[in-house]
Amino acid sequence: MIVITAPTGQIGRQTLARLLADGRPVRVVARDPARLPPEVRERVEVVQGSHGDSDVVAEAFAGAESVLWLVPPNPQADDIEDSYVSLTRPACDALKRQGVKRVVGVSSMGRAYGKPAGLLSPAFAVDELFESTGVHYRSLAMPFFMENLLGQIEAIRSKGMFFLANSAERPLATVATRDIAAAAADLLLDDSWSGQGSVPVIGPDALSPDGMAEVMSEVLERPIRFQQVSSETYKATMLGYGMTDGFAQGLVDMAEAQNDGIYDAEQSTLRVAGATGFRQWCQDVLKPALAA
């Protein structure tokens, strides 16, 4: 039995589809099972509730061999690290009691950075929690998600622009969520690995935001421009969306860590693990999203 948490999110949904295609028995933890497509609900076991609830994870992990652990970002959290860690502690207790053998966690590149990194730092704290249990653990280490740009669909559509606090000229390692899902599914379907380690998942190219705008312009066949915004403006915008001060500051600090090169050391020594380049992602994902 394989357990998937956050099965309706971008990574969980795509991982789940790959596991079902392989015919493996799957159990999902879902706050709202109605968000699962009917054809999926009839093929999986569903444990309803939050995977931060000790009773829920105890039920979900019973008889499970492997778990995909995702902590959904919580824009309403005042303390971002506590929100990640407090949600994960019940799982760490449950997996020891239930005898779960393997956990695959969704984390970030840059763990050796050694400085505060906003929303990336809690992911590293979660890695440490799982490792402290002694469970066989693989941390999927990723850079900037291409899908982050989908949050700016309206600005791209109406203004031909997108906005980040990232430096316009600094190359940024990227990854598509479908490649993360593929790596997660491969690990969950493989019962031969043991120990603890990190599995980097990155796309084949690193583009600056200005470079992304050039590719987007070519694929979309219209001018697209990037505009870097100040940390203050970026934070004010996030607060305007209803995020807490702590979460908004976490986004700012993450962008600053990316500008400071948090991914650079790993990226320079890695072989390309992800199959999707930014141009292909724009063609397959961004363009249809704009047309929807």
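I started in helix α12 (residues 278-291), where F278 and W281 sit three residues apart, which means about one helical turn separates them. This is a predicted model, so I'm reading it as such. I looked up burial next: F278 is buried at a relative accessible area of 1%, and W281 is buried too, at 0%.

Then I checked how their rings lie. The ring centres of F278 and W281 are 5.9 Å apart and the planes are at 25°, so I noted the pair as stacked.

How many aromatic pairs are there? I got four. One of them is W69 with F130, and that one is edge-to-face, with 5.9 Å centre to centre and 75° between the planes. W69 belongs to strand β4 (residues 66-69) and F130 to helix α5 (residues 120-133), so this pair ties together parts 61 residues apart in sequence. W69 is buried, with 2% relative accessible area, and F130 is buried at 1%. I also wrote down that W69, F130 and Y137 make one aromatic cluster.

Another ring I looked up was W193: the charged end of R102 sits over it, 5.7 Å from the ring centre.

Last, the backbone. A6 isn't a glycine, yet it has a positive phi of about 50°. I found A6 in the loop between β1 (2-5) and α1 (10-22). E221 isn't a glycine either, and its phi is positive at about 60°. E221 lies in the loop between α8 (209-220) and β12 (225-228).

Are these two buried or exposed? A6 is buried, at 17% relative accessible area, whereas E221 is exposed, at 69%.

Key
Residues are numbered from 1 along each chain as its sequence is written. This is a predicted model: local features need pLDDT of at least 70, side-chain atom pairs count only at pLDDT 80 or more; totals for chains, interfaces and linings use all residues. Side-chain values use heavy atoms; hydrogens and water are left out. Helices (H or I, at least four residues) and strands (E, at least two) are DSSP runs, numbered from the N terminus. Buried means under 20% relative accessible area, exposed over 50%, partly exposed in between (1.4 Å probe, protein chains only). Rings of Phe, Tyr and Trp (its six-membered ring) pair if their centres lie within 6.5 Å; planes under 30 degrees apart count as stacked, over 60 as edge-to-face and the rest as tilted. A charge sits over a ring if NZ of Lys or CZ of Arg is within 6 Å of the ring centre and within 35 degrees of the ring normal.
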